[in-house]
Amino acid sequence: MAIQAKRVKYACYSVNVCMAVVGNLSPVLFLTFHNLYKVSYSLLGLLVLINFSTQLIIDLIFSFFSHKFNIPKTVKTIPVLTIIGLCVYALWPYVFSQSVYVGLVIGTIIFSASSGLAEVLISPVIAALPSDNPDAEMSKLHSIYAWGVVFVVAVCTLFLLFIGNEHWQWLALSFVLVPLLSGILFFGTELPKMQTPEKTSGALAFLKDKGLWLCVAAIFLGGASECTMAQWCSGYLEQALGIPKIWGDIFGVALFAVALGLGRSLYAKYGKNIAKVLCLGAVGATVCYLTAAVLNVPVVGLLACALTGFCVSMLWPGSLIVASDRFPTGGVFIFAMMAAGGDLGASVGPQLVGVVADFAATNSALIAFAESMSLTPDQLGLKLGMLVGMLFPLIAIFVYLKIWKGKKSTVLEESNN
C-alpha cells in the first residue's frame, strides 16, 4: 500500500509539471507564432485568456457539481487530455496550414481543461494521502510546479536557440513525454477517497460561511501577486530596464521560478505557522514590486523581480493550506472554489497591468510626464503597471493579518479547553 501511495504521489508531481508545460509553452512561443504565421499580438494574448478562462470554467463546474463525477477516473484522464491537447497544438499546422490559429486555440482549450482538472483535483489527492505533515506535502506539490516552470523555460530556450523556431512542433511534441509518464504512474493505482458534497445544496451551505470567502480572497490576491510578475517580468525587464530579451527570459522568468520553487521547498522542509508566512510574503512582495517599479537600475530591477518569486511562493499553496485546515470536510468543493479564486486573480492581475500600461502609453498628459522624467511612454506605462500590480500584495497583507488573527484566536481557545 505504501508503494502504491508513493506512485500516486509521484504521478501527482508529474501532473504538476504538465501544468507548468501548459501554462508556459504558449508565452515562450509567442514571437515564433508572430514571425512564422503572422499571428497578431492581440490574438496571441487571447491564447493566455483562453487558457485561464477554460481553467476557471472547470473550477466552477467542480465547485458545485463534483458529486456528479467519478473523481478517480477523472483524475486519471488528466494526462490523456494533456497529450491530446499538445498533439493537436503541434500537428494542426502540418495538416491545416491555412488555419494555424484555429489549431492553437483548440489545442489550448483541450490542454487547459486538463490543467483546470489538475488544479482542482491533484491537491485533494495529495491531501487525502496519509502523511505525518500534510502542510509540507502540499507545499512540496506546489514547489514541483515552480521547478517545472524552470524546466520548461530552460528546455524551450535551449531548443529555440540551437534547433530553431521553425521546428517548434518538435518542442511541443517532446513535452508529451511528461503526461505520458503521469499516465503510466497512475495506471493500476487506487486513489484515496476524497470527499465531495452529496448534492449541490451541500456545496451552497459552505458558501454561507464568511471564512470561505476570506480564503477565496486570500488566494485571489495571492494568485494575482504571483502571476502578474510571472507574466510581466520578462517584458518589463526588456522594455522598461533595457535588458535583452534572452537575458530577460533566463534571468527574469527562470530566476523568478527558481525563487518560487526555493520558497516552497524550504517551507516543505522547515515551514510552520503558515498565516505568519503569508503576511511576511505579502509584505516582501509589496516591497519588491515597488523597488522594481521605482528604481531604474537594471540589476536591482532584475533582483527585485526574481525575489518577488520567493516572497509570493507560499501565497497560493499557503491559502490552500489555510482553507483545507479550516474546512476539513469540504474536500473537492473547497479546492475547486480556491482554484477558481486563484485563477481569477491570475487572470485579472496581468490583464490589469496591461490595460494600465496601454493607457499610460497613449495618454497625452502621461506621455508629457514621461518625457519630463526622461522615459519613453512604454517605460512609464510598464512602471505604472508594476505599481498597480503592487496593490495586490499590499491589500493581501490585511487579508492575511485577519487570517493570522483568526488562527491565534483558535489556538488560544484550544489551549484554554
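These legends go with a set of close-up views of a predicted model.

In this predicted model, local features need pLDDT of at least 70 and side-chain atom pairs count only at pLDDT 80 or more, while totals for chains, interfaces and linings use all residues. Residues are numbered from 1 along each chain as its sequence is written, and side-chain values use heavy atoms, with hydrogens and water left out.

**View 1. Confidence along the protein.** The average pLDDT (the predictor's confidence in each residue, from 0 to 100) comes to 86, and 93% of the residues score at least 70. Helices here are DSSP runs of H or I with at least four residues, numbered from the N terminus.

**View 2. Where α14 meets α15.** The axes of α14 (residues 331-362) and α15 (residues 364-372) come within 5 Å and cross at roughly 80°. Axes are lines fitted to C-alpha atoms over the stretch in contact, with angles from 0 to 180 degrees between N-to-C directions. That makes the two helices, α14 and α15, roughly perpendicular, a label for angles of 65 to 115 degrees. F359, A360, A361 and T362 of α14 make the contact with S364, L366 and I367 of α15; contact means heavy atoms within 4.5 Å. By class, these residues are 5 nonpolar, 2 polar and no charged. Ala, Val, Leu, Ile, Met, Phe, Trp, Tyr, Cys and Pro count as nonpolar, Asp, Glu, Lys and Arg as charged, and the others, Gly among them, as polar.

**View 3. The largest cavity.** A cavity is a set of points on a 1 Å grid over the protein atoms alone where a 1.4 Å probe fits but cannot get out, and lining residues have an atom within 4 Å of a point. The structure holds 2 cavities of 30 Å³ or more, and the largest has a volume of about 70 Å³. Its lining includes V22, P27, F52, F111 and Q231. Helices α1 (2-37), α2 (41-65) and α4 each give two or more residues to that lining, which divides into 6 nonpolar, 5 polar and no charged residues.

**View 4. The second largest cavity.** Among the residues lining the second largest cavity are C18, M19, V22, I78 and F111. Helices α1, α3 (71-95) and α4 each supply at least two residues of the lining, and the classes come out as 7 nonpolar, 3 polar and no charged.

Technical notes:
Angles under 35 degrees count as roughly parallel, over 145 as roughly antiparallel, 65 to 115 as roughly perpendicular and the rest as oblique. On a 1 Å grid over the protein atoms alone, a cavity is a set of points where a 1.4 Å probe fits but cannot get out, and a pocket is an open set with protein on both sides within 12 Å along at least five of seven lines; lining residues have an atom within 4 Å of a point. Grid points are joined across faces, edges and corners, and a volume is the space filled by probe spheres set on the points.
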